[in-house]
Amino acid sequence: MARYLVLGGGIAGLSAALRLGMAGEDVILVDRMDRGGGATSRSAGVITVQLESEEEIRIAAKSIEILEELLGDGGRESTGLVSRGFLSIEDEEDSEETRELLRRAGVRFEQLNHVEASRRWPSLRFQEGEVVTHTWIDMGVEPGTLLEFLRERAVEVGVDVRRYEVLYLGLEKNHVEFVKTSGGELRADVIFLCMGPWNQRILSKAGVRIPVWVIKCPAHRFRVSVDAPAFADEVHQSYWRPGFDRTLVGGGYHAEPCGNPDECLGRPNPEFGKDAERLLRLRVKGEVELVDEWAGPCSIPPDFEPIVGRLEGFENLYIIDGLRGYGLMKGVALAQSLAEEVMGLNPSINLEPYSPSRFAALDLKA
Ligand SMILES: Cc1cc2nc3c(=O)[nH]c(=O)nc-3n(C[C@H](O)[C@H](O)[C@H](O)COP(=O)(O)OP(=O)(O)OC[C@H]3O[C@@H](n4cnc5c(N)ncnc54)[C@H](O)[C@@H]3O)c2cc1C
(Lines give C-alpha, C1' and ligand atoms only; values in the text may rest on other atoms or scores of the structure.)
Protein backbone atom coordinates (compact mmCIF):
# COMPACT_ATOMS: atom_id res chain seq x y z
CA MET A 1 0.00 0.00 0.00
CA ALA A 2 1.42 3.37 -1.07
CA ARG A 3 1.09 6.58 0.86
CA TYR A 4 -0.09 8.52 -2.24
CA LEU A 5 -1.79 7.42 -5.46
CA VAL A 6 -2.09 9.96 -8.28
CA LEU A 7 -4.63 9.10 -10.99
CA GLY A 8 -3.82 10.85 -14.29
CA GLY A 9 -0.47 11.92 -15.69
CA GLY A 10 -1.32 15.19 -17.41
CA ILE A 11 0.14 18.46 -16.16
CA ALA A 12 -1.88 18.36 -12.89
CA GLY A 13 -1.04 14.76 -11.97
CA LEU A 14 2.62 15.04 -12.88
CA SER A 15 3.01 18.32 -10.99
CA ALA A 16 1.43 16.85 -7.85
CA ALA A 17 3.41 13.60 -8.10
CA LEU A 18 6.68 15.48 -8.64
CA ARG A 19 6.10 17.64 -5.56
CA LEU A 20 5.33 14.57 -3.45
CA GLY A 21 8.24 12.62 -4.90
CA MET A 22 10.68 15.48 -4.34
CA ALA A 23 9.62 15.55 -0.68
CA GLY A 24 10.66 11.88 -0.44
CA GLU A 25 7.09 10.54 -0.25
CA ASP A 26 6.01 7.13 -1.51
CA VAL A 27 3.95 7.84 -4.69
CA ILE A 28 2.37 5.81 -7.49
CA LEU A 29 1.18 7.64 -10.61
CA VAL A 30 -1.16 5.92 -13.04
CA ASP A 31 -2.07 6.95 -16.58
CA ARG A 32 -3.55 4.92 -19.41
CA MET A 33 -1.08 6.47 -21.87
CA ASP A 34 2.70 6.83 -21.83
CA ARG A 35 2.85 10.48 -22.80
CA GLY A 36 -0.37 11.62 -21.19
CA GLY A 37 -3.34 11.06 -23.43
CA GLY A 38 -5.44 14.00 -22.34
CA ALA A 39 -5.80 17.73 -22.64
CA THR A 40 -2.20 18.56 -21.78
CA SER A 41 -0.66 16.79 -24.74
CA ARG A 42 -3.18 18.57 -27.01
CA SER A 43 -2.75 22.03 -25.57
CA ALA A 44 -1.22 24.94 -27.48
CA GLY A 45 1.62 25.30 -24.96
CA VAL A 46 1.20 28.97 -24.01
CA ILE A 47 2.22 29.81 -20.44
CA THR A 48 1.76 33.53 -19.91
CA VAL A 49 1.28 35.77 -16.88
CA GLN A 50 -0.88 38.13 -18.92
CA LEU A 51 -4.14 36.94 -17.36
CA GLU A 52 -7.27 38.63 -16.07
CA SER A 53 -6.85 38.93 -12.30
CA GLU A 54 -4.04 39.51 -9.84
CA GLU A 55 -4.50 36.05 -8.35
CA GLU A 56 -4.37 34.38 -11.77
CA ILE A 57 -1.19 36.30 -12.57
CA ARG A 58 0.41 35.19 -9.30
CA ILE A 59 -0.55 31.55 -9.89
CA ALA A 60 0.86 31.63 -13.45
CA ALA A 61 4.06 33.33 -12.22
CA LYS A 62 4.44 30.58 -9.60
CA SER A 63 3.90 27.89 -12.26
CA ILE A 64 6.64 29.47 -14.37
CA GLU A 65 8.98 29.62 -11.37
CA ILE A 66 8.38 25.93 -10.65
CA LEU A 67 8.86 24.92 -14.28
CA GLU A 68 12.04 26.99 -14.53
CA GLU A 69 13.42 25.16 -11.52
CA LEU A 70 12.42 21.76 -12.90
CA LEU A 71 13.72 22.46 -16.38
CA GLY A 72 17.03 23.66 -14.96
CA ASP A 73 19.86 23.77 -17.45
CA GLY A 74 18.42 21.02 -19.69
CA GLY A 75 18.69 21.70 -23.42
CA ARG A 76 15.67 23.48 -24.88
CA GLU A 77 14.65 20.66 -27.19
CA SER A 78 14.75 18.03 -24.45
CA THR A 79 12.41 20.04 -22.21
CA GLY A 80 9.93 21.31 -24.78
CA LEU A 81 10.65 24.94 -23.86
CA VAL A 82 10.74 26.79 -27.18
CA SER A 83 10.28 30.48 -26.38
CA ARG A 84 10.26 33.10 -23.62
CA GLY A 85 8.24 36.33 -23.36
CA PHE A 86 4.73 37.29 -24.47
CA LEU A 87 2.93 40.23 -26.11
CA SER A 88 -0.70 41.25 -25.64
CA ILE A 89 -2.04 43.47 -28.41
CA GLU A 90 -4.99 45.54 -27.20
CA ASP A 91 -6.88 48.77 -27.73
CA GLU A 92 -5.50 51.62 -25.68
CA GLU A 93 -8.34 51.67 -23.13
CA ASP A 94 -8.00 47.93 -22.35
CA SER A 95 -4.22 48.31 -21.99
CA GLU A 96 -4.72 50.61 -18.99
CA GLU A 97 -6.35 47.80 -17.02
CA THR A 98 -3.59 45.38 -18.05
CA ARG A 99 -0.99 47.89 -16.85
CA GLU A 100 -2.68 48.25 -13.46
CA LEU A 101 -3.07 44.50 -12.98
CA LEU A 102 0.55 43.68 -13.83
CA ARG A 103 1.76 46.52 -11.63
CA ARG A 104 -0.31 45.31 -8.66
CA ALA A 105 0.85 41.72 -9.18
CA GLY A 106 4.48 42.87 -9.26
CA VAL A 107 5.28 41.55 -12.76
CA ARG A 108 7.88 43.41 -14.83
CA PHE A 109 6.42 44.66 -18.13
CA GLU A 110 6.64 47.40 -20.75
CA GLN A 111 4.01 48.95 -22.99
CA LEU A 112 4.70 50.16 -26.53
CA ASN A 113 2.57 52.09 -29.01
CA HIS A 114 2.03 50.78 -32.55
CA VAL A 115 5.03 52.63 -34.01
CA GLU A 116 7.46 51.39 -31.34
CA ALA A 117 6.03 47.87 -31.55
CA SER A 118 6.39 47.79 -35.37
CA ARG A 119 10.05 48.68 -34.99
CA ARG A 120 10.69 46.07 -32.29
CA TRP A 121 8.70 43.20 -33.89
CA PRO A 122 8.86 43.86 -37.65
CA SER A 123 7.28 40.47 -38.46
CA LEU A 124 3.95 41.61 -36.93
CA ARG A 125 1.38 44.20 -38.08
CA PHE A 126 0.08 46.77 -35.58
CA GLN A 127 -2.63 49.42 -36.10
CA GLU A 128 -2.80 52.97 -34.84
CA GLY A 129 -4.42 53.11 -31.38
CA GLU A 130 -3.17 49.65 -30.38
CA VAL A 131 -0.90 49.15 -27.39
CA VAL A 132 1.42 46.18 -26.93
CA THR A 133 2.13 44.90 -23.42
CA HIS A 134 5.36 42.92 -23.29
CA THR A 135 6.34 40.60 -20.44
CA TRP A 136 9.52 38.56 -20.30
CA ILE A 137 9.02 35.61 -17.98
CA ASP A 138 6.35 33.77 -20.03
CA MET A 139 7.06 30.43 -21.69
CA GLY A 140 6.09 28.71 -24.92
CA VAL A 141 6.41 24.93 -24.72
CA GLU A 142 5.88 21.87 -26.90
CA PRO A 143 3.52 20.12 -24.45
CA GLY A 144 4.26 16.52 -25.50
CA THR A 145 7.98 17.01 -24.99
CA LEU A 146 7.43 18.83 -21.70
CA LEU A 147 5.25 15.98 -20.41
CA GLU A 148 7.91 13.47 -21.37
CA PHE A 149 10.55 15.50 -19.55
CA LEU A 150 8.41 15.88 -16.39
CA ARG A 151 7.62 12.19 -16.42
CA GLU A 152 11.33 11.33 -16.54
CA ARG A 153 11.96 13.75 -13.67
CA ALA A 154 9.17 12.07 -11.69
CA VAL A 155 10.77 8.65 -12.19
CA GLU A 156 14.15 10.10 -11.15
CA VAL A 157 12.71 11.35 -7.84
CA GLY A 158 11.25 7.94 -7.12
CA VAL A 159 7.65 8.19 -8.38
CA ASP A 160 6.43 4.74 -9.41
CA VAL A 161 4.85 5.50 -12.83
CA ARG A 162 2.52 2.84 -14.22
CA ARG A 163 0.60 2.55 -17.47
CA TYR A 164 -2.78 1.32 -16.28
CA GLU A 165 -6.35 2.27 -17.08
CA VAL A 166 -8.34 3.41 -14.04
CA LEU A 167 -11.63 1.51 -14.04
CA TYR A 168 -13.45 2.57 -10.85
CA LEU A 169 -13.04 3.64 -7.23
CA GLY A 170 -13.75 1.00 -4.60
CA LEU A 171 -15.64 2.81 -1.83
CA GLU A 172 -16.14 1.93 1.81
CA LYS A 173 -18.43 4.53 3.40
CA ASN A 174 -16.58 7.85 3.02
CA HIS A 175 -13.24 6.27 2.19
CA VAL A 176 -11.70 5.15 -1.12
CA GLU A 177 -10.60 1.68 -0.11
CA PHE A 178 -8.96 0.75 -3.43
CA VAL A 179 -8.75 1.86 -7.05
CA LYS A 180 -9.55 -0.81 -9.61
CA THR A 181 -7.21 -0.53 -12.60
CA SER A 182 -6.33 -2.65 -15.61
CA GLY A 183 -3.26 -3.71 -13.59
CA GLY A 184 -5.26 -4.80 -10.55
CA GLU A 185 -6.37 -3.10 -7.33
CA LEU A 186 -4.22 -0.27 -5.97
CA ARG A 187 -4.47 0.97 -2.39
CA ALA A 188 -3.15 4.19 -0.88
CA ASP A 189 -3.75 6.42 2.13
CA VAL A 190 -4.43 9.45 -0.06
CA ILE A 191 -5.71 9.59 -3.63
CA PHE A 192 -5.33 12.51 -6.03
CA LEU A 193 -7.88 12.50 -8.85
CA CYS A 194 -6.09 14.28 -11.73
CA MET A 195 -7.79 12.83 -14.78
CA GLY A 196 -8.82 16.28 -16.05
CA PRO A 197 -11.98 16.12 -18.18
CA TRP A 198 -12.18 12.36 -17.41
CA ASN A 199 -12.58 12.91 -13.64
CA GLN A 200 -16.29 13.25 -14.17
CA ARG A 201 -16.61 9.75 -15.62
CA ILE A 202 -14.83 7.99 -12.77
CA LEU A 203 -16.74 10.01 -10.16
CA SER A 204 -20.10 9.32 -11.72
CA LYS A 205 -19.38 5.57 -11.33
CA ALA A 206 -18.94 6.36 -7.61
CA GLY A 207 -22.30 8.16 -7.57
CA VAL A 208 -20.83 11.67 -7.44
CA ARG A 209 -21.28 14.47 -9.94
CA ILE A 210 -18.64 17.14 -10.33
CA PRO A 211 -20.12 20.38 -11.70
CA VAL A 212 -18.03 20.87 -14.83
CA TRP A 213 -18.99 20.76 -18.48
CA VAL A 214 -16.64 19.68 -21.21
CA ILE A 215 -15.98 21.61 -24.40
CA LYS A 216 -13.89 20.74 -27.46
CA CYS A 217 -11.11 23.23 -28.19
CA PRO A 218 -8.94 23.33 -31.31
CA ALA A 219 -5.28 24.21 -31.83
CA HIS A 220 -3.43 24.67 -35.11
CA ARG A 221 0.19 24.73 -36.24
CA PHE A 222 1.15 27.04 -39.11
CA ARG A 223 4.50 27.23 -40.85
CA VAL A 224 5.45 30.90 -41.15
CA SER A 225 8.18 32.51 -43.25
CA VAL A 226 9.15 35.02 -40.54
CA ASP A 227 10.33 34.81 -36.91
CA ALA A 228 7.42 35.90 -34.72
CA PRO A 229 7.15 36.19 -30.92
CA ALA A 230 4.42 34.63 -28.75
CA PHE A 231 1.39 36.91 -28.65
CA ALA A 232 -2.32 37.27 -27.95
CA ASP A 233 -4.29 39.44 -30.32
CA GLU A 234 -7.04 40.69 -28.02
CA VAL A 235 -8.39 42.95 -30.76
CA HIS A 236 -9.22 40.11 -33.18
CA GLN A 237 -9.19 37.29 -30.59
CA SER A 238 -6.38 34.84 -31.32
CA TYR A 239 -3.26 33.57 -29.50
CA TRP A 240 0.05 32.14 -30.73
CA ARG A 241 3.45 30.92 -29.63
CA PRO A 242 6.50 29.92 -31.66
CA GLY A 243 7.09 26.19 -32.07
CA PHE A 244 9.78 23.94 -33.49
CA ASP A 245 10.84 24.46 -37.15
CA ARG A 246 9.65 28.05 -37.55
CA THR A 247 5.99 27.38 -36.81
CA LEU A 248 3.34 29.21 -34.81
CA VAL A 249 0.93 27.19 -32.66
CA GLY A 250 -2.37 28.54 -31.36
CA GLY A 251 -5.68 29.60 -32.83
CA GLY A 252 -8.77 31.71 -32.44
CA TYR A 253 -10.83 31.64 -29.25
CA HIS A 254 -12.97 28.87 -30.75
CA ALA A 255 -14.70 26.01 -28.91
CA GLU A 256 -17.78 23.84 -29.23
CA PRO A 257 -19.86 21.82 -26.77
CA CYS A 258 -18.86 18.20 -26.55
CA GLY A 259 -19.82 16.38 -23.33
CA ASN A 260 -17.80 13.19 -23.77
CA PRO A 261 -14.04 13.96 -23.49
CA ASP A 262 -13.10 11.03 -25.79
CA GLU A 263 -15.19 12.65 -28.52
CA CYS A 264 -13.24 15.90 -28.12
CA LEU A 265 -10.05 14.22 -29.32
CA GLY A 266 -9.04 14.13 -32.97
CA ARG A 267 -9.61 16.75 -35.65
CA PRO A 268 -11.21 20.12 -35.00
CA ASN A 269 -14.05 21.71 -36.96
CA PRO A 270 -12.44 22.70 -40.34
CA GLU A 271 -14.10 26.14 -40.12
CA PHE A 272 -11.98 26.90 -37.03
CA GLY A 273 -8.77 26.24 -39.01
CA LYS A 274 -9.86 28.59 -41.78
CA ASP A 275 -10.72 31.29 -39.30
CA ALA A 276 -7.47 30.80 -37.37
CA GLU A 277 -5.54 31.32 -40.63
CA ARG A 278 -7.50 34.52 -41.33
CA LEU A 279 -6.77 35.79 -37.81
CA LEU A 280 -3.07 34.93 -38.09
CA ARG A 281 -2.76 36.72 -41.44
CA LEU A 282 -4.18 39.88 -39.85
CA ARG A 283 -1.04 40.03 -37.68
CA VAL A 284 1.80 38.08 -39.24
CA LYS A 285 3.61 39.33 -42.32
CA GLY A 286 4.96 36.79 -44.81
CA GLU A 287 3.81 33.33 -45.83
CA VAL A 288 1.51 31.27 -43.61
CA GLU A 289 0.67 27.59 -44.20
CA LEU A 290 -1.41 25.23 -42.05
CA VAL A 291 0.67 22.12 -41.28
CA ASP A 292 -1.23 20.42 -38.47
CA GLU A 293 -4.30 20.79 -36.29
CA TRP A 294 -5.88 18.87 -33.46
CA ALA A 295 -8.50 19.22 -30.72
CA GLY A 296 -8.88 18.31 -27.07
CA PRO A 297 -11.27 18.61 -24.12
CA CYS A 298 -11.36 21.46 -21.59
CA SER A 299 -13.40 21.19 -18.39
CA ILE A 300 -15.29 24.29 -17.34
CA PRO A 301 -16.74 24.84 -13.83
CA PRO A 302 -19.87 26.99 -13.42
CA ASP A 303 -17.90 29.86 -11.81
CA PHE A 304 -14.90 29.40 -14.16
CA GLU A 305 -12.55 28.91 -11.19
CA PRO A 306 -10.37 25.79 -10.81
CA ILE A 307 -11.58 23.01 -8.49
CA VAL A 308 -8.76 21.97 -6.15
CA GLY A 309 -9.07 20.22 -2.79
CA ARG A 310 -10.65 17.39 -0.87
CA LEU A 311 -13.93 16.14 -2.27
CA GLU A 312 -16.87 16.55 0.09
CA GLY A 313 -17.95 13.21 1.49
CA PHE A 314 -14.57 11.49 1.05
CA GLU A 315 -11.86 11.60 3.70
CA ASN A 316 -8.97 10.55 1.42
CA LEU A 317 -9.92 11.75 -2.09
CA TYR A 318 -8.54 15.02 -3.49
CA ILE A 319 -9.32 16.47 -6.91
CA ILE A 320 -7.83 18.90 -9.42
CA ASP A 321 -10.21 19.86 -12.20
CA GLY A 322 -11.78 22.79 -14.04
CA LEU A 323 -8.49 24.16 -15.35
CA ARG A 324 -10.24 25.31 -18.58
CA GLY A 325 -7.73 26.59 -21.14
CA TYR A 326 -5.22 27.48 -18.43
CA GLY A 327 -3.94 24.14 -17.18
CA LEU A 328 -0.29 24.73 -18.02
CA MET A 329 -0.45 28.26 -16.63
CA LYS A 330 -2.29 27.44 -13.42
CA GLY A 331 -2.22 23.65 -13.01
CA VAL A 332 1.46 23.39 -12.08
CA ALA A 333 1.28 25.77 -9.11
CA LEU A 334 -2.19 24.62 -7.97
CA ALA A 335 -1.28 20.92 -8.07
CA GLN A 336 1.98 21.47 -6.22
CA SER A 337 0.17 23.58 -3.62
CA LEU A 338 -2.38 20.81 -3.10
CA ALA A 339 0.44 18.31 -2.63
CA GLU A 340 2.03 20.67 -0.10
CA GLU A 341 -1.23 21.14 1.80
CA VAL A 342 -1.88 17.39 1.96
CA MET A 343 1.68 16.80 3.24
CA GLY A 344 0.96 19.31 6.02
CA LEU A 345 3.22 22.01 4.57
CA ASN A 346 2.34 25.63 3.97
CA PRO A 347 1.05 25.73 0.35
CA SER A 348 2.56 28.27 -2.07
CA ILE A 349 -0.98 29.24 -3.20
CA ASN A 350 -3.95 29.65 -0.86
CA LEU A 351 -6.33 26.97 -2.14
CA GLU A 352 -9.37 27.97 -0.10
CA PRO A 353 -11.15 29.81 -2.96
CA TYR A 354 -10.85 26.69 -5.14
CA SER A 355 -12.25 24.16 -2.68
CA PRO A 356 -14.84 21.75 -4.13
CA SER A 357 -16.91 22.48 -1.00
CA ARG A 358 -18.08 25.74 -2.62
CA PHE A 359 -20.54 23.57 -4.58
CA ALA A 360 -21.91 21.90 -1.44
CA ALA A 361 -25.31 23.54 -1.93
CA LEU A 362 -25.74 21.82 -5.32
CA ASP A 363 -27.15 18.32 -5.62
CA LEU A 364 -24.05 16.40 -6.63
CA LYS A 365 -25.41 12.88 -6.65
CA ALA A 366 -24.79 11.32 -10.09
C1 LIG B 1 -6.63 22.67 -27.85
C2 LIG B 1 -6.25 23.09 -26.47
C3 LIG B 1 -5.35 24.13 -26.30
C4 LIG B 1 -4.96 24.50 -25.01
N5 LIG B 1 -4.01 25.46 -24.87
C6 LIG B 1 -3.56 25.76 -23.64
C7 LIG B 1 -2.49 26.68 -23.48
O8 LIG B 1 -1.93 27.19 -24.45
N9 LIG B 1 -2.07 26.97 -22.22
C10 LIG B 1 -2.65 26.40 -21.11
O11 LIG B 1 -2.25 26.72 -19.99
N12 LIG B 1 -3.66 25.52 -21.23
C13 LIG B 1 -4.12 25.18 -22.47
N14 LIG B 1 -5.13 24.28 -22.60
C15 LIG B 1 -5.75 23.72 -21.40
C16 LIG B 1 -4.90 22.61 -20.80
O17 LIG B 1 -4.52 21.70 -21.80
C18 LIG B 1 -5.68 21.90 -19.70
O19 LIG B 1 -6.21 22.82 -18.79
C20 LIG B 1 -4.77 20.95 -18.93
O21 LIG B 1 -4.04 20.17 -19.83
C22 LIG B 1 -5.55 20.06 -17.99
O23 LIG B 1 -4.60 19.21 -17.38
P24 LIG B 1 -5.02 17.98 -16.51
O25 LIG B 1 -3.78 17.36 -16.01
O26 LIG B 1 -6.06 18.42 -15.53
O27 LIG B 1 -5.79 17.01 -17.52
P28 LIG B 1 -5.22 16.06 -18.68
O29 LIG B 1 -4.03 16.62 -19.33
O30 LIG B 1 -6.39 15.74 -19.54
O31 LIG B 1 -4.75 14.78 -17.90
C32 LIG B 1 -5.63 13.74 -17.56
C33 LIG B 1 -4.88 12.43 -17.73
O34 LIG B 1 -5.72 11.38 -17.28
C35 LIG B 1 -5.52 10.29 -18.15
N36 LIG B 1 -6.72 9.44 -18.09
C37 LIG B 1 -7.97 9.73 -18.47
N38 LIG B 1 -8.78 8.71 -18.22
C39 LIG B 1 -8.02 7.73 -17.67
C40 LIG B 1 -8.28 6.43 -17.16
N41 LIG B 1 -9.52 5.90 -17.17
N42 LIG B 1 -7.24 5.72 -16.64
C43 LIG B 1 -5.98 6.24 -16.59
N44 LIG B 1 -5.69 7.45 -17.05
C45 LIG B 1 -6.69 8.20 -17.57
C46 LIG B 1 -5.29 10.87 -19.52
O47 LIG B 1 -4.54 9.98 -20.35
C48 LIG B 1 -4.52 12.14 -19.18
O49 LIG B 1 -3.12 11.97 -19.30
C50 LIG B 1 -5.54 23.87 -23.86
C51 LIG B 1 -6.45 22.83 -24.03
C52 LIG B 1 -6.80 22.42 -25.33
C53 LIG B 1 -7.76 21.29 -25.49
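Trainee: What makes the shell around the ligand lie between domain 1 and domain 2?

Mentor: This is a predicted model, and here domain 1 (2–40 + 145–210 + 303–359) and domain 2 (83–137 + 213–300) both give residues to that shell, so it sits between the two.

Trainee: Which residues come nearest to the ligand?

Mentor: Among the 42 residues around the ligand, the nearest are G10, G38, G196, G296 and G327. To count as near, a residue needs its C-beta atom, placed from the backbone, within 6 Å of the molecule.

Trainee: And which element gives the largest share of the shell?

Mentor: That's α9, with four residues.

Trainee: How many residues of the shell are nonpolar, polar and charged?

Mentor: There are 23 nonpolar, 15 polar and four charged ones.

Trainee: Let's move to β19. Why is this strand called largely enclosed by the rest of the structure?

Mentor: A residue is buried if 20 or more other C-beta atoms lie within 10 Å of its own. Five of the five residues of β19 (residues 317–321) are buried, so the strand is largely enclosed.

Trainee: How do you know that both faces of β19 are covered?

Mentor: L317, I319 and D321 on one side are buried, and so are Y318 and I320 on the other. In a regular strand, side chains alternate between the two faces of the sheet.

Trainee: What makes β18 and β11 pairing partners of β19?

Mentor: Pairing takes at least two bridges. Strand β18 (residues 307–310) has four with β19, in the antiparallel sense, and β11 (residues 188–193) has three, in the parallel sense. So both count as paired with β19.

Methods:
Residues numbered from 1 in each chain as written. Predicted model: local features only at pLDDT ≥ 70, side-chain atom pairs only at ≥ 80, totals over all residues. Helix = DSSP H or I, 4+ residues; strand = E, 2+ residues; numbered from the N terminus. Nonpolar A, V, L, I, M, F, W, Y, C, P; charged D, E, K, R; others polar. Domains from an automatic or database assignment. Buried ≥ 20, exposed ≤ 12 C-beta atoms within 10 Å, placed from the backbone.
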